[in-house]
Amino acid sequence: MNMEEILAFRIINELKKKGLIGDYAVAGGVAYIYYDEPITTEDIDVFCILGSGIDTLSPIYSYARELGFKPEKEGIRIGTWRVQFLPSPTELEEDAVRMANKVKVGAITTRVVKPEYLAALMLKAGRTKDIIRVDSLIEHGRLDKDELYRVIKKYGLHDKWQDYKRRGKR
Amino acid sequence: MAGLQEERKEMKRRSFLEKLRISAAMQKESKIIKKGRIIKPAQKRENYQTDYRQKASE
């Protein structure tokens with residue numbers, strides 16, 4: 001097994017062990033890959049609840065630098081992947097982290113947001129690529145529609161859902 | 001259609017790591033294509049300029 005491929009997931013777990021981040025969950029394109037199909041991406045988006053007493057990402061960057069990993073664009077290059085740490089800005093992201101699924105990447109256990117939360121986050125972002133991915137998750141039966149509606153309702157994403165339906169005339 | 005369904009089933013069966021490998025390979029390939037697209041017009045321009053200079057010196 002090529003260690004470069006899973007190194008990022010190992011380091012994310014290390015950051016949690018060291019208390020530099022609290023709970024976390026992988027979202028974005030990599031979460032989509034887990035539930036559906038491979039797509040072109042090199043970013044691992046990690047929603048994280050920062051460690052107690054930590055209110056910035058700088059300790060994460062310092063620790064990464066100590067290990068020899070360099071910042072790249074909005075993230076840190078760790079092996080094959082560029083990892084973006086995103087402090088959970090709202091209750092939706094926080095709950096997505098809390099409810100995440102434990103998932104195996106090779107020998108490493110990581111956490112990935114549930115597909116219904118992933119779809120809600122993509123509806124919230126609302127970019128064309130997000131809409132296409134929501135379509136795919138629904139079309140391929142990768143999520144529980146009732147649970148998705150519950151999440152949409154709970155986090156006030158009804159307008160986004162209506163937009164989504166209008167855009168695709170669904 | 002049946003082929004597509006089979007492919008989807010196969011994709012579901014694949015492990016996360018396998019799918020990540022495919023994704024990383026796709027990313028690498030798209031970078032090469034992008035790079036090619038960026039270089040091509042510049043090379044073309046350079047070739048035109050070389051041709052022009054050669055013709056001018058003749």
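This is a predicted model: local features need pLDDT of at least 70, side-chain atom pairs count only at pLDDT 80 or more; totals for chains, interfaces and linings use all residues.

Guide: H5(A) and H7(A) form a right-handed crossing. Two packed helices are described by the angle between their axes and the distance between the axes. Here the axes of H5(A) and H7(A) cross at roughly 45° and come within 9 Å.

H5(A) contributes A:Glu116, A:Tyr117, A:Ala119 and A:Ala120, which meet A:Glu147, A:Leu148, A:Val151 and A:Ile152 of H7(A). By class, six residues of this contact are nonpolar, none is polar and two are charged.

Leaving aside residues up to four places away in sequence, A:Leu148 touches A:Glu116, A:Ala119, A:Ala120 and A:Leu143. As for A:Ala120, its C-alpha is 7.1 Å from that of A:Leu148, although 28 residues separate the two in sequence.

H5(A) has a further partner in H6(A). These helices, residues 115-125 and residues 128-139 of chain A, pack with their axes 8 Å apart and at an angle of about 150°. H5(A) and H6(A) are therefore roughly antiparallel to each other, and H5(A) passes H6(A) in a left-handed crossing. On the H5(A) side, A:Pro115, A:Ala119, A:Met122, A:Leu123 and A:Ala125 take part, and they meet A:Asp130, A:Arg133, A:Val134 and A:Leu137 of H6(A). Seven nonpolar and two charged residues make up this contact, with no polar ones.

Elsewhere in chain A, burial and strand pairing may be considered together. Helix H2 (residues 28-35) of chain A is largely enclosed by the rest of the structure, because eight of its eight residues are buried. Among them are A:Val30, A:Tyr32, A:Ile33 and A:Tyr34. Strand E1 (residues 21-27) of chain A runs antiparallel to strand E2 (residues 43-50) of chain A, and five bridges join them. In this pairing A:Ala27 stands opposite A:Asp45 of E2(A). E2(A) also pairs in the parallel sense with strand E5 (residues 81-87) of chain A, over six bridges. A:Phe47 has A:Leu86 in E5(A) as its bridge partner.

Finally, there is the second chain. Chain B has two helices and zero strands, and buried residues amount to 7% of its 58 residues. The contact between the chains takes 15 residues from chain A and 13 residues from chain B. On the chain B side, helix H1 (2-13) and helix H2 (16-57) are the elements that give two or more residues. H2(B) gives the most, with 11 residues. This side of chain B comprises seven nonpolar, three polar and three charged residues.

Note on methods: Residues are numbered from 1 along each chain as its sequence is written. Chains are lettered from A and ligands numbered from 1 in the order in which they are written. Two strands pair if DSSP finds at least two bridges between them. Helices (H or I, at least four residues) and strands (E, at least two) are DSSP runs, numbered from the N terminus. Two residues are in contact if their C-beta atoms, placed from the backbone, lie within 7 Å. Ala, Val, Leu, Ile, Met, Phe, Trp, Tyr, Cys and Pro count as nonpolar, Asp, Glu, Lys and Arg as charged, and the others, Gly among them, as polar. A residue is buried if 20 or more other C-beta atoms lie within 10 Å of its own, exposed if 12 or fewer, and partly exposed in between; C-beta atoms are placed from the backbone. Axes are lines fitted to C-alpha atoms, for helices over the stretch in contact, and angles run from 0 to 180 degrees between N-to-C directions. Angles under 35 degrees count as roughly parallel, over 145 as roughly antiparallel, 65 to 115 as roughly perpendicular and the rest as oblique. A crossing is left-handed if the near helix is turned anticlockwise from the far one by less than a right angle, and right-handed if clockwise.
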